[in-house]
Amino acid sequence: MPLELAPSRLRPADLLPTATLGLRARRTRALLSALGVAIGIAAVVGVLGITQSGQSALLAQIDQLGTNLLTVGSTRSRVSGQEAVLPVTAAAMARRVRGVTGVTATAQLPGAHVYRSDLIPPGRTGGLAVRAVDGTLLATLSGAVRTGRFLDAGAARLPVTVLGAEAAATLGVSRLDAGTRVWLGGHWFAVVGVLEPFPMAAELDRSALVGFGAAAALLGHDGHPTRLYVTARQDLVREAAGTLALAASPVDPDQAEVSRPSDALTARVAVAGASAGLFLGLSAIALLVAGIGIANVMVISVLERRAEIGLRMALGATRAHIGVQFLAESLVLSLAGGLAGVALGVAATVVTAAVRGWSVLVPGSAVWGGLAVAVAVGALAGLYPAVRATRMSPTEALRLVV
């Protein structure tokens, strides 16, 4: 009676060692192949993580500062490049608008510049401006003093100034003492304070601020404001925005322009999202190239291991076993690259968030999605080599080797 052989089986416990045999034998090649996948997945995870962390920080900043701040300026400012004047009554009229809770007026003084000393050439302004402000500025803009003090009612008439954060850095004013002065508009002004940055009013950061009284007495200011900062009740912001132009400039309301600074921050969120889409597209190209690289490596591996394939088939391995082995090898290669890419992407997000002071936020979809994409790339890249290996005749494979 003829002896019947048991059908060939490939146990799950044997699949991983068998699938990694070629990778372990050619480690450098495997490492370089996995590196392509790692770079692509790292780009995906890093872009999504950094974008989400930045957007989260920006939205938190918007929520903290509020979206009820409005600014009123002149449309002529866009043409001249300098802030054009508003009517003297603009601030008083703006306070009468329904829903308005606070108004502060400022005036850019185009004829005045600020220097560290009177020996600085006049043309080297450093891009700094001089602005007249009143004592309600900090309360309206939720501002804070970094060091020193702000302009009170008495100081507003004296030759004293408070510097914005960037203005202080440009002028080299790092600490204050009784002798800290700047040359402003042809007069010595004592520096009494330095402000924290204004996220909603960056123009103030690059300005030296003086009181309206000092501006009129020493710098020839005529009393006209050039910009109003207005806060309104949250539920009446849109209504107030639609009325402020007429209130601030009743004779010619088309010359008054009302804007909402928080819209600019919100737009930055949209821009960041668009930029993330661009980088994700580049990451997809990197993954495509990595998949082609893996497919190429697997095809070469099939050709190099014809003897192994022929011998295993001669000993009873089925075509399905051969196909599963090479497909699993491709999957292991891409999954290893995916895990490394996720780790690199998370690390890049953590480092970037730490440098910029953000909270780390890595979307779970980026991690699991990155691994799923890596597996999909490996499956697609390994499909053709696996099919090619299954179609190889064992006798032909052994004959070609011999």
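Predicted model: local features only at pLDDT ≥ 70, side-chain atom pairs only at ≥ 80, totals over all residues.

Tutor: Residues are numbered from 1 along each chain as its sequence is written, and side-chain values use heavy atoms, with hydrogens and water left out.

Student: What share of the residues counts as buried?
Tutor: Buried means under 20% relative accessible area, exposed means over 50%, and partly exposed is in between (1.4 Å probe, protein chains only). Here 42% of the 402 residues of the chain count as buried.

Student: How many helices and strands does the chain have?
Tutor: Both are DSSP runs numbered from the N terminus: helices are H or I with at least four residues, strands are E with at least two. This chain has 15 helices and 11 strands.

Student: How do I see whether sequence neighbours or distant parts touch?
Tutor: Look at contacts, meaning heavy atoms within 4.5 Å. Among contacts in the chain between residues at least 6 apart in sequence, 82% join residues at least 24 apart.

Student: Let's pick a strand. Is β4 enclosed or open?
Tutor: Strand β4 covers residues 129-133, and five of the five are buried, so it is largely enclosed by the rest of the structure. Both faces are covered, with A129, R131 and V133 buried on one side and V130 and A132 buried on the other.

Student: Which strands pair with β4?
Tutor: Two strands pair if DSSP finds at least two bridges between them. Strand β2 (residues 100-108) pairs with β4 in the antiparallel sense over three bridges, and Q108 stands opposite R131 of β4. Strand β9 (residues 207-211) runs parallel to β4, joined by five bridges; there A132 has V210 as its bridge partner.

Student: And what about β10, buried or exposed?
Tutor: Five of the six residues of β10 are buried, so β10 is largely enclosed by the rest of the structure. Strand β2 turns up again, joined to β10 by six bridges in an antiparallel run, with T106 bridging to R227. Strand β1 (residues 69-74) is also antiparallel to β10, over four bridges, and T71 stands opposite Y229.

Student: Where is T226 found?
Tutor: T226 is in the loop between α9 (212-218) and β10 (227-232). T226 is buried, at 2% relative accessible area. A polar atom of the T226 side chain lies 2.9 Å from the backbone nitrogen of Q108. That's a polar contact: a pair of N or O atoms within 3.5 Å, where within protein one must be able to donate a hydrogen and the other to accept it, and residues adjacent in sequence count only if both atoms are side-chain atoms. Leaving out residues up to four places away in sequence, T226 touches several others, including V72, E83, L86 and T106.

Student: What does an aromatic pair look like?
Tutor: Rings of Phe, Tyr and Trp (its six-membered ring) pair if their centres lie within 6.5 Å; planes under 30 degrees apart count as stacked, over 60 as edge-to-face and the rest as tilted. The structure holds one aromatic pair. W183 and W188 make it, edge-to-face, with 5.1 Å centre to centre and 70° between the planes. W183 is partly exposed at 24% relative accessible area, and W188 is partly exposed at 29%.

Student: What sits over the ring of W188?
Tutor: The charged end of R181 does, 4.2 Å from the ring centre. The rule is that NZ of Lys or CZ of Arg is within 6 Å of the ring centre and within 35 degrees of the ring normal.

Student: Where is V182 found?
Tutor: V182 is in strand β7 (residues 181-184), buried at 0% relative accessibility. Its contacts, leaving aside neighbours within four places in sequence, include V114, L171 and W188.
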